[in-house]
Amino acid sequence: MRPSRVLRMSYLAASVAGVGFFVLSVAWLGVWPARRLADEAARTGPEHVVALTASEARGRAIYAREGCAYCHTQQIRFTQPDIARFGAPTLAWETRADTPHMLGTRRIGPDLSRAGGTRSEDWQFMHLFAPRTVVPASVMPSYRHLFAGGPGAPRQDARDLVAYLETLGRARELAGVEGSVRAVTASHAHMSGLTPAADLNAHPARTRRSGDVPALPAGDRDRGIVLYARHCAACHGATREGDGPGASGLTPRPSNLAEHDYTDVRMAQVLWNGVAGTAMPAWRDLSRDDLGSLVRYLTDPRPPGPLRHDRVQPPAEMLALGKRVYDDNCAQCHGPDGAADGFAALSLAIAPTNFRQQRLWQGRMTADGVPRVLRDGIEGTMMASWQTRLTREEMAAVAEYVFQFFRDEAAARALERRQ
Amino acid sequence: MLGFWLLFFLYPLNGTHHYVMSVIPMDTQVTAIIASVLLGLTVILVVANLLLSLHGAGVFAKDVGLRFVVMSVIFYLVVSIQGSLQALMPVNAFVHFTDWVIGHSHLAMLGFASFAAAGALAHVWPHIPGARYHARLVHHAYWLLFAGLLIMVVDLTIAGVVEAQLWQSGAPWPASLEAARPYWIIRTWSAVPIAGGFIALLAGLTTGPRTQPPAAEMRAAA
């Protein structure tokens, strides 16, 4: 064969090879893994996945339209930092019906794969409307155009978007016990080094009604002040009075921390589990040292005043009246001993206050000795206003009775040491 | 020849390295990682050949077209070695989702591809009959693009390491935003020389004296 003919053939060879290599690659790294993935999805997935409602599906389209996926991934990888921060790694079946997928390539904001149940609806509206009111360091743009003037007036776009966000991670949760067992099996098969436990299904910010709180170290008050400013002040306010810039859009409003006494146990519970039903998320993604520091800051500098052991004991007849009123009206939810274990407590979306661990600081009571909570109730919770149903004397008496429940052993010990 | 066929064979096998440590079957991921490493080695081979052929011209060649192309080849080498490293699992677990990757992709698209294209334009343009060509502007374009790209890629690479380190440490999410802020500001400003470079390149190819039309065309026109 003459050299010129060979050269002419080389174009043919290159074309055939080009197409051939491409086909090989598609088959090797496309078709074959796709079949294996489909098998795995069928093997590890639940029997059925709940479909998105019309509103949620529309929210998903808005999520895509607004470009949320440019900065938020929906893909938790099989790496320890990912699992610790965002929950169990994403499995094949979870994104099976997700077309087009929203996996994302860059994380400017956090991963949202398991964001459902981590924030309340009104927090989401507040955050979409003005992100920096609730997360001061956020670089997220404002999505004001989804609202008719304010966070309290979401357009349907905003409602649908939030409805969609609430579905993220839902399929995994609804997969139930079988789903968890299969997920663990799948993870083992996938990467033997990592063994995500069943409780890692959930995002660390997810609120829980109850959950075991680990022992927190004593913590450092100054560190607590820094952490408070960074994470808490946006809603709870710089002076802890529940009046931060993010507070205006939230119902129930963030707690006025300056107005209450909390036991260390109560504060640790709130930080570890969040307050289910409210905008207060869990903070399990903070280190235990940091949580301990926050508890220290938020419980230690209790305002001085006629408190605890040295305060004047109210007259016996006042306490008797308070007990009568309490047993008739409050015990159903707050429990006979104030431990928030009344028979109706579990039916409430937001748990009633546990008076053994939290109480109004008496120095903050109104002039007539009646706590504001009794007069006005707490908007957004089942705590109603009692002004029309109880007399002023009854309200003052029941307040005194309720204060008797508070048992702050740690603070009492500290007080004794100081004396 | 060997380089050509290896590149030809290996490139299509690389795609899955974007999904390391995802749910995609581990064999597939491993295949893509191996292909990525082999590709890196192949690129070293090819680039060594190219650069040795250029022996004598220097990194910053006198001819601006050649200078663009030489730098393009060097960027290609850097970006490919970077790519091979990034595909390795421990590195990938660290830098994935950070600004490091953004820097990497800009080095590939702006550094390798755009510089090669600009080099080709700068080489061909003065030979097109009747085209305008402003040599000084194209010369400026080279330095503006080079400086801007270098600032951006170095900046984003460091930003990526900082972000990754904070993510690994378990620090709260906003900490990574606060740490990234100065890098994002620098990155934003790096757009000035880059945009200026492209404007200068465009101006260099549309202003300046016309090249001499060939005599044959002159006669035909007459």
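**Side-chain contacts in the predicted model**

Asp327(A) and Lys323(A) are four residues apart in helix H12 of chain A, so about one helical turn separates them. Helices (H or I, at least four residues) and strands (E, at least two) are DSSP runs, numbered from the N terminus. The model is predicted: local features need pLDDT of at least 70, side-chain atom pairs count only at pLDDT 80 or more, and totals for chains, interfaces and linings use all residues. Residues are numbered from 1 along each chain as its sequence is written, chains are lettered from A and ligands numbered from 1 in the order in which they are written, and side-chain values use heavy atoms, with hydrogens and water left out.

Asp327(A) and Lys323(A) form a salt bridge, with the closest N and O atoms 3.0 Å apart. A salt bridge is a side-chain nitrogen of Lys or Arg within 4 Å of a carboxyl oxygen of Asp or Glu. Asp327(A) is partly exposed at 34% relative accessible area. Lys323(A) is also partly exposed, at 39%. Buried means under 20% relative accessible area, exposed over 50%, partly exposed in between (1.4 Å probe, protein chains only).

Over all chains, the search of the whole structure finds 16 salt bridges. Arg170(A) pairs with Glu56(A), the closest N and O atoms being 3.1 Å apart. Arg170(A) lies in helix H7 (residues 170-174) and Glu56(A) in helix H2 (residues 54-65) of chain A, so the bridge ties together parts that are 114 residues apart in sequence. Arg170(A) is partly exposed at 22%, whereas Glu56(A) is buried at 10%. Arg359(A) forms a salt bridge with Asp261(A), at 3.4 Å between the closest N and O atoms. This pair joins strand E2 (residues 358-360) to strand E1 (residues 260-262) of chain A, parts that are 98 residues apart in sequence. Both Arg359(A) and Asp261(A) are buried. A network of salt bridges links Arg58(A), Arg65(A), Glu66(A), Asp157(A) and Asp160(A).

Rings of Phe, Tyr and Trp (its six-membered ring) pair if their centres lie within 6.5 Å; planes under 30 degrees apart count as stacked, over 60 as edge-to-face and the rest as tilted. Tyr326(A) and Phe405(A) form a tilted pair, 5.2 Å centre to centre with 55 degrees between the planes. Tyr326(A) is buried at 0%, and Phe405(A) is buried at 8%. In chain B, ring pairs link Phe68(B), Phe75(B), Phe115(B), Tyr142(B), Trp143(B) and Phe146(B) into a cluster.
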